[in-house]
Amino acid sequence: MPNLTRVREIYEWLEMLKSKKGKLWTGAKLFKKMRQHFGVAFLETSIGRIVDLIGREFFGEAGDTEILCEDIVDFFYDALFEQKRRGFSGSGVILSTAHKVKGLEFDNVILLDGSWSEGSRSIDEFEEARRLYYVAITRARKSLTLLKLNTSTNRFIAEIPASITCSREVQPQICDSRLLDYRYEVIDLGDVYISYAAYFKPFNQNACALKRTQMNDAVNLTSKASADGTQNIFISNKYNVELARLSKQGVAKWMPRLSHVSQARVSCLHTRHRDDGNGDNPRANETWLIPVVEVLWKSS
């Protein structure tokens, strides 16, 4: 999940709020300004819904009370950080470990079967596994579904009183087995050559293409050899304008998968600062954009 405060649209919103230092806004005024700034299309995306929710929370807390814009900035940073900590955005199905959801709650929880206690080599390890299972099941607010394989020896389910459970045996059905061969993955920023767009001139073709790029835009991953024969992978838009280049690490990871990519799209655009890294060239632009790309590829 990208740093939400650096998603282009959110970054620009926070910078705008910072420019209003000393100004007083009510919750109603902020909510109106927010919808004007982002627009309906962005607020209907998965990341946009997070911003919309934060705005509604602020509106509910502030109401007609006037709040300093610098305090509003802090409110947004805190709320965005919490979303980052949770590791998910928007609505949908969240796949997570039991450790990662400690302290969180969800309306409906489905707990997969697994080696919850099979690897325990002592009573202490067994009890620790029991505590973790307890953490997992107590995340549910409305419904809890516990899955158990026929071959499983999960003792914790057996300890739950039958009087408070409803059990049934089901056979998994796969409508299209070909879908099991596909994998979904986000190209991590570590797999991208971070400074690729750092030296783009403001109005060159690549810089303009990056500026026009929107969430959910389709992109292509293409390989191209440099003058010395080194193979590179570029992220290009539908007009074959290069938006980003993968790092050596990214090339090593994605070159074997390149011919298996089914589709790729822009999840969001990350705003990079010149002073974010150690040793970035001082001649680089003060900020530049890096597309965060989601890829659907076939593993076999």
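Q: Let's start with one residue. Which strand is Thr271 found in?

A: Thr271 is found in strand β9, which covers residues 261-273. Keep in mind that this is a predicted model.

Q: Is Thr271 buried or exposed?

A: The idea is to look at relative accessible area, where under 20% counts as buried. Thr271 comes out at 3%, so it is buried.

Q: And which residues is Thr271 in contact with, leaving aside its neighbours within four places in sequence?

A: Arg6, Val7, Arg8 and Tyr11 are on the list, along with Thr287, Trp288 and Leu289.

Q: How do I read the sheet around β9? What is the strand order?

A: Write the strands down in the order they sit side by side. Here that gives β5-β10-β9, an open sheet of three strands with antiparallel pairing. The edge strands, each pairing on one side only, are β5 (182-186) and β9. From one strand to the next, the twist averages 15°.

Q: Which helix packs on the sheet?

A: That's helix α1, residues 8-18, which touches β9 and β10. Its direction makes about 20° with that of β9.

Q: How many bridges join β5 to β10?

A: Five bridges join this antiparallel pair, with β10 spanning residues 287-298. For a spot to look at, find Arg183, which stands opposite Trp297 in β10.

Q: What should I look for in backbone phi angles?

A: Most residues other than glycine have a negative phi. Asn216 is not a glycine, yet its phi is positive, at about 75°. You'll find Asn216 in the loop between α7 (205-212) and β6 (220-225). Asn240 also isn't a glycine, and its phi is positive, near 65°. Asn240 sits in the loop between β7 (231-236) and β8 (242-245).

Q: How accessible are Asn216 and Asn240?

A: Asn216 has 47% relative accessibility, so it counts as partly exposed. Over 50% counts as exposed, and Asn240 is exposed, with a relative accessible area of 59%.

Q: What about the inside? How many residues does the largest nonpolar core have?

A: In soluble globular proteins, nonpolar side chains tend to be buried together. The largest nonpolar core here has 32 residues, and Ile187, Leu246 and Val295 are those with the most contacts inside it. Elements giving two or more residues to this core include α7, α8 (248-254) and β9. With six residues, β10 gives the most to this core.

Q: Which residues does Leu246 touch?

A: Not counting residues up to four places away in sequence, Leu246 touches, among others, Ile187, Ile233, Val251 and Trp254. Another core, of 29 residues, lies apart from the largest one; Ile10, Phe38, Ile50 and Ala79 are among its members.

Notes:
Residues are numbered from 1 along each chain as its sequence is written. This is a predicted model: local features need pLDDT of at least 70, side-chain atom pairs count only at pLDDT 80 or more; totals for chains, interfaces and linings use all residues. Side-chain values use heavy atoms; hydrogens and water are left out. Helices (H or I, at least four residues) and strands (E, at least two) are DSSP runs, numbered from the N terminus. Buried means under 20% relative accessible area, exposed over 50%, partly exposed in between (1.4 Å probe, protein chains only). Contact means heavy atoms within 4.5 Å. Two strands pair if DSSP finds at least two bridges between them. Axes are lines fitted to C-alpha atoms, for helices over the stretch in contact, and angles run from 0 to 180 degrees between N-to-C directions. A nonpolar core is a set of buried Ala, Val, Leu, Ile, Met, Phe, Trp, Tyr and Cys residues joined through side-chain atoms within 4.5 Å.
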